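Thanks for coming. Please look at the sequence and the model on the screen, and I will go through the chain one piece after another.

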Amino acid sequence: MAKGKTRKTKKLAAGDGVDDILQQWARERPDLDTSPMAIVGRISRIERKIDPLLASVFRKFGLERWSFDVLATLRRSGYPYELTPTQLFSSLMLTSGAITHRSDELVKTGLVQRKPDPNDRRGVRVKLTALGLAKINEAVTAHFENERRLLRHLSRQERSLLISLLRRFLLGLEHSGDGPPRQRLRKHDGQPR
């Protein structure tokens, strides 16, 4: 390992704010098992640190996190880049009212359009416009570069281990019935309720 890499790793190995909190609880309430906070507390802090760093990239494209999520969901659905509102809110774990409001905002900006659903006379589909497709293609490239930069402190092996552990944690939460109903999955098909 390179000498500079060793110093950087040692610096990162020092305690963090969660360690300080755990030490305080150990002193004040030694009867409590605070080990879950070592995980949940760090996940919460990571989310608070990452969120503004993601938002800064979205803003470069005139997007908010929610608008990026809607456009990215349509883009990753594949050609013709359209979904029903139900498919959108299931994928994004939002309410139908939130999807309607967000779709309205994106229609105003010209990034999506609504069109009749050929399979349901009363239904509509939300579709990326050419402008929306160009914008999300650019934004998603910058987003993945940003995420890669945020993970630069972890080796490939560490990232693989973290992916595996976080997947297991998330699946456990989704299948256990913890959390709001729309976030729990039906056991038989793995689809959101």
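Helices here are DSSP runs of H or I with at least four residues, strands are DSSP runs of E with at least two, and both are numbered from the N terminus. This is a predicted model, in which local features need pLDDT of at least 70 and side-chain atom pairs count only at pLDDT 80 or more, while totals for chains, interfaces and linings use all residues. Residues are numbered from 1 along each chain as its sequence is written, and side-chain values use heavy atoms, with hydrogens and water left out.

First, the overall picture. The chain has eight helices and three strands, in the order α-α-α-α-β-α-α-β-β-α-α from the N terminus. I call a residue buried under 20% relative accessible area, exposed over 50%, and partly exposed in between, using a 1.4 Å probe and protein chains only. Of the 193 residues, 24% count as buried. A contact means heavy atoms within 4.5 Å. Of the contacts with a separation of 6 or more, 43% are between residues 24 or more positions apart.

Now helix α3, residues 35-60. Which residues of α3 are buried? They are G41, L54, A55, V57 and F58, and they pack against α2 (17-28), α4 (65-76) and α7 (130-150). After α3 comes G62, with a positive phi near 70°.

Next is the loop between α4 and β1 (82-83), where P80 lies. The peptide bond from Y79 to P80 is cis, with omega near 10°. Y81 lies in that loop too, and has a positive phi of about 60° although it is not a glycine. Most residues other than glycine have a negative phi, and most peptide bonds are trans. Is Y81 buried or exposed? At 15% relative accessibility, Y81 counts as buried.

On to helix α6, residues 96-109. Its buried residues are A98, I99, S103 and L106. They cover an arc of only 130° around the axis, which puts them on the same side of α6; the arc is that of the directions from the helix axis to the C-beta atoms. These residues pack against α4, α5 (85-92), β2 and β3. G110 follows α6, and its phi is positive, near 80°.

Then the strands. Two strands pair if DSSP finds at least two bridges between them. Strand β2 (residues 112-117) and strand β3 (residues 120-128) run antiparallel and are joined by six bridges. Q113 stands opposite K127 in β3. The hairpin from β2 to β3 goes through two residues.

Last, helix α7. In α7, the buried residues are G132, I136, A139, V140, H143, N146 and L150. They cover an arc of only 130° around the axis, which puts them on the same side of α7. An α-helix has 3.6 residues a turn, so residues three or four places apart point the same way. The buried residues of α7 pack against α3, α4 and β3. The face turned away from that buried side carries the exposed residues A130, E138 and R148.
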